[in-house]
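Keep the viewer open and try each task before you read its solution.

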Amino acid sequence: MERLRLCNDVTSKRNHTLKPRVVLPENYVKEMRPPSRKGDPVVVEFSIYVVDVNSINVEDMDFRVDMFIRQTWIESRLQLPEDIFEEEIAELTHKFSSVTLYRNQTVRYAARMHAIIACQMEFQLYPMDIQSCPIYIESFSYSNQKVRFRWSVAGVTINPELKLLQYHIGEPLRLEETNGYMIDKDGNYSRLVVYFRFERQIGHHLIQTFAPSSLVVMLSWFSFWLDLDAIPGRVTLLVTCMLTLVTMFTGLRADIPPVAYVKALDLWMAGCMMFVFAALGEFVVVKVLDKQYQMNKTKAQESMPRIIPVRLNGEKGSCGTVAAWEGSGVRCRKVDLTSPTSPPATTPATHQVPGATAHLVGVERRQSILQVAWLDADTGQERVLWREIDKLSRVVFPALFLLFVTMYWPVLLLKTKASLIRYECIVYKM
């Protein structure tokens, strides 16, 4: 109100019929609110024009805003002559504020402010979260029985050229006029609230997070096509994929404050790491099975009967035989000495036992509960378990990852849409 007294000099220059003592009465006290009729509270109208939102700091959970705030009220103590025809009588401009006096006893105070506004942010849907950040304007000295705040027709306006890097300011804004109870003053005070809705844009994280991590997971599937003998290459590929994901997601966690609940990005991180870790575990399993297969194969070869060519003196009714020692027993089979395929008596020879592969599989079954190799009933070829696991993994891992993606994105989009609908319902109900 002190500034109004300074307006008198300016006003007298513009209209010589107006004297300084006419504008403000002698008993005017600037600390007192204007009197109102019938004990009604003085109505102060507010409007805000947002020039710029400098930054949204998720680590400190606040945002910086440059804005113009305008307040208008009726100063009934002003005494203006009736011969003033100009709508705007006087204006006093300071560095970042101005006071304007109108002919209908209306006073408008405007100021440009730079404010740091705290905001309680929620990150369950990060990086597709929607933050609702309020700005409170509340009376401090007068209760709601003496001063009442309300939004003007203009309300809150946002600069149409305002662009944010990772966010979009949702409109319409949510405006409220409430009464807040102050415990220290034991009374209700008029309060204005405007909610800014910041919707995070997913484009940045699609390029920097989701696409690279998906490619790393797909890269780990190449290990299923590498032969088991290429142990250094296969292990290096899987370990490199795992370390890449750990480094990538460690950098992402530094951008947001540590919270006690699980975020949507955490689920994606855990899913990608799980697939790479499963590929690494699959390699360990097939390596163990291959070792068991080689061990069983060696034992089966060692347990095969040794064929020792021996010529026995024939008695009456006997014939030439070859004795095969197997364990402690001796069995004989008839040998045609005239046949060119019969082993010579003087030269040791190894006899190929028919069905040696079947004998190997039989020994393997007896020595191991897990069947690491078997004969295909259709083709008669030997099939090894670890090779079958590698072939199956080439199909199962991509199918499971595709299922994970098709479940992750629809659920995340539905939750984001539900959060947006709840906000819009509150705004339209007002």
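**Exercise 1.** In which sense do β4 and β5 pair, and over how many bridges?

*Solution.* Before we start, a word on the model: it is predicted, local features need pLDDT of at least 70, side-chain atom pairs count only at pLDDT 80 or more, and totals for chains, interfaces and linings use all residues. Residues are numbered from 1 along each chain as its sequence is written, and side-chain values use heavy atoms, with hydrogens and water left out.

Step 1: find the strands, which are DSSP runs of E of at least two residues, just as helices are runs of H or I of at least four, numbered from the N terminus. Step 2: count the bridges, bearing in mind that two strands pair if DSSP finds at least two bridges between them. For β4 and β5 the pairing is antiparallel, over 5 bridges. Step 3: pick out a pair of residues; Thr100 stands opposite Arg108 in β5.

**Exercise 2.** What phi does Gln105 take in the hairpin of β4 and β5?

*Solution.* Step 1: locate the residue. Gln105 sits in the loop between β4 (97-102) and β5, and the hairpin has 3 residues between the strands. Step 2: read the angle. Phi of Gln105 is positive, about 65°, although the residue is not a glycine. Most residues other than glycine have a negative phi, and most peptide bonds are trans. Gln105 counts as partly exposed because its relative accessibility is 24% (buried means under 20% relative accessible area, exposed over 50%, partly exposed in between, with a 1.4 Å probe and protein chains only).

**Exercise 3.** Where is Met61 placed, and what is its phi?

*Solution.* Step 1: look at the loop between β1 and β2, where Met61 is placed. Step 2: read phi, which is near 55° for Met61, a positive value in a residue other than glycine. Step 3: with 25% relative accessibility, Met61 counts as partly exposed. Step 4: turn to the flanking strands. β1 (residues 42-57) and β2 (residues 62-74) run antiparallel and are joined by 11 bridges. Across them, Val53 stands opposite Val65 in β2.

**Exercise 4.** In what order do the 6 strands of the open sheet lie?

*Solution.* Step 1: trace the order, β3-β4-β5-β2-β1-β7, with mixed pairing. β3 (88-93) and β7 (147-158) are the edge strands, each pairing on one side only. Step 4: inspect one of the pairings inside the order. β2 and β5 run antiparallel and are joined by 13 bridges; in β5, Arg64 has Ile116 as its bridge partner.

**Exercise 5.** At what angle do helices α4 and α5 pack?

*Solution.* Step 1: helix α4 (residues 231-253) and helix α5 (residues 264-302) pack at about 165°, with their axes 10 Å apart (axes are lines fitted to C-alpha atoms, for helices over the stretch in contact, and angles run from 0 to 180 degrees between N-to-C directions). Step 2: α4 is therefore roughly antiparallel to α5 (under 35 degrees counts as roughly parallel, over 145 as roughly antiparallel, 65 to 115 as roughly perpendicular and the rest as oblique).

**Exercise 6.** Where is the cis peptide bond from Tyr126 to Pro127 found?

*Solution.* Step 1: the bond has omega near 15°. Step 2: Pro127 lies in the loop between β5 (106-118) and β6 (130-138).
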